[in-house]
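Here is a brief report on one protein model and its ligand. Look at the structure first, then read on.

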Amino acid sequence: MFDNIFQGKIYKNLFNGEWVTSRNTIDIFSPVNNDLVGKIPSMSLSEVNVVIANSKISQKKWADMPVSSRASILHKCASLLDENIDFLSSIMQKEIAKDRHSCNAEIKRTADFIRFTADAGKQLEGETLGADNFPGFKKNKISFVTKVPVGVVLAISPFNYPINLSASKIAPALISGNSVVFKPSTQGAISALHLACIFHEAGVPPGVLNTITGKGSDIGDYLVTHKDINFINFTGSTKVGKHIAVIAGMVPMLMELGGKDAAIILSDADIDIAACDIVSGAFSYSGQRCTAVKRVLVIDDIADRLIEKLIKNIRLLKVGLPQDDCQITPLIDNKAADYVQELIDDAINLGATLLCGNKRCNNLIYPTLFDNVTAKMRIAWEEPFGPVLPIIRVKDIDEAINIANSSQYGLQSCVYTKNIDNAFNIASRLDVGTVQINNKPERGPDHFPFSGTKSSGMGTQGIKYSIDAMTRLKSTVLNINP
Ligand code: NAP
Ligand code: G3P
């Protein structure tokens, strides 16, 4: 099935139902061993322009297709994903150094996401409104409110979930009758092009899904300011997200950005459960998840017991290669590892207590845990996107909430306690998109609303919410003559 998408080591883009090359390419090296995984096209601005024009034309026919037919294509796509889990997983392991178990789970979850989206799309309904309940109006006016596609959706995805965070934009856009211009992250693009191939093989018509590869720094600004892009659905760093929001102008957008999710541990928490969740929450895929636990705020009287169990659980983590099911694998590149190291060094220099870790082998960083982190340290506030976890001791709930809310981010937070009143009080005071009670932060199940406050994003994802965002209400008013 995937034979058409590459020639030798050179991958191609999907354009109007054909696989095409560009004059220039970008080498994609594996973060695992620096081997060349493949070369992807580095598209020129004029090529980008031709693609968007094609997406614009193709959208009309797709929107006219019955939603049940669009849903059947998405169901086929989900089945093809399920059938190709092992192969796709092996590509992801090489390209983004994610462990085998997590790659497999991501692909399976994506197939389920696409199926659920196909069925949710069939529930797309409008409404009719009478006028006579508004002062001064009679019964002779009715508004027929329908949901229509926004047009051409630009989907931009990050490296860390090249299948899931791509499909979670593409599938809701497609079921709603939009066409999609899909720009995956450069590292991750080879996995993403395989996903595009699956949509194509499942029967998405020519031009309804087109892919664009090339560095965001070269073509990104052109893409997001293109006059024929009607919606931007972006996941990535806060820095790039804010930049897009500034330059894109009056285009609706969904933004999923960075996070600094806090785990708040009260004195009556079940420490065994909390410690186990915190370690998997902070360190799975080496902390390269927006919803990773990125700081622990623990009431002082329980901190020592928690720390003892955290260290025990960290010692159980396997460090090494993705294909060996290690949870701690090399970071996406050396630049990312350098940044994490900077945060570690800063914490040590400012007097944090190093409990374990601070060991590095190129881009592989061992799980690192700090106690006695203070507000002066960068690790208290910045998103490392790597395997380092700061513990901040607090005297009470108010101090925990105050520190949690002082972050520029507001993605998720979690609170561990057996006291349901405290849990709900804290949840209501935390300025984040989601609060988890007695569980680590996590996005799924993927039909739940997923959003961030402040620098963590805007708009709400989640199957029904993503469909709502990428459709608009259209009112046709019937005026009945007496
Ligand atoms: P990134 O560097 O911001 O890149 C994200 C995407 O934006 C890539 O496709 C990138 O392309 C593209 N891009 C770069 N410059 C652009 C521009 N000027 N215009 C348009 N697109 C541009 O993020 P990342 O390193 O891939 O991902 C890690 C970040 O994503 C973390 O901060 C993490 O918290 C966040 N994230 C958030 C969520 C969430 O749901 N809230 C989920 C996952 C990740 P290139 O690859 O070609 O540069
Ligand atoms: O960082 C990606 C985001 O979508 C998190 O998903 O399932 O790891 O919480 P999850």
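## A cis proline

This model is predicted. P445 sits in the loop between strand 23 (434-437) and strand 24 (450-451). A cis peptide bond joins G444 and P445. Its omega is about -5°.

## Two positive phi angles

S286 is not a glycine, yet its phi is positive, about 55°. This serine belongs to the loop between helix 9 (271-283) and strand 15 (293-299). S286 counts as buried because its relative accessibility is 1%, and the cut-off for buried is under 20%.

N362 also has a positive phi of about 55° without being a glycine. It lies in the loop between strand 17 (360-361) and strand 18 (364-365). N362 has 57% relative accessibility, so it counts as exposed; that label needs over 50%.

## The ligand site

Where does ligand 1 lie relative to domain 1 and domain 2? Domain 1 (2-257 + 457-475) and domain 2 (262-454) both give residues to its shell, so ligand 1 lies between them.

The ligand is surrounded by 32 residues. The closest are T186, G216, S237, L257 and E383. By type, the shell divides into 14 nonpolar, twelve polar and six charged residues. Helix 7 (216-224), strand 12 (231-235) and helix 8 (238-247) each supply at least two. Helix 7 gives the most, with four residues.

## Polar contacts and burial

A backbone N or O atom of S157 lies 2.8 Å from an oxygen atom of ligand 1. Polar side-chain atoms also approach ligand oxygens: one of K183 at 3.0 Å, and one of E256 at 3.1 Å. Taken alone, ligand 1 exposes 900 Å², and the protein buries 86% of that.

Conventions
Residues numbered from 1 in each chain as written. Chains lettered and ligands numbered in written order. Predicted model: local features only at pLDDT ≥ 70, side-chain atom pairs only at ≥ 80, totals over all residues. Heavy atoms only, no water. Buried < 20%, exposed > 50% of the residue type's maximum accessible area, 1.4 Å probe, protein only. Near = heavy atom within 4 Å. Polar contact = N/O pair within 3.5 Å; in protein donor to acceptor, adjacent residues only side chain to side chain. Areas by Shrake-Rupley, 256 points an atom, 1.4 Å probe, with all protein chains shown as cover. Nonpolar A, V, L, I, M, F, W, Y, C, P; charged D, E, K, R; others polar. Domains from an automatic or database assignment.
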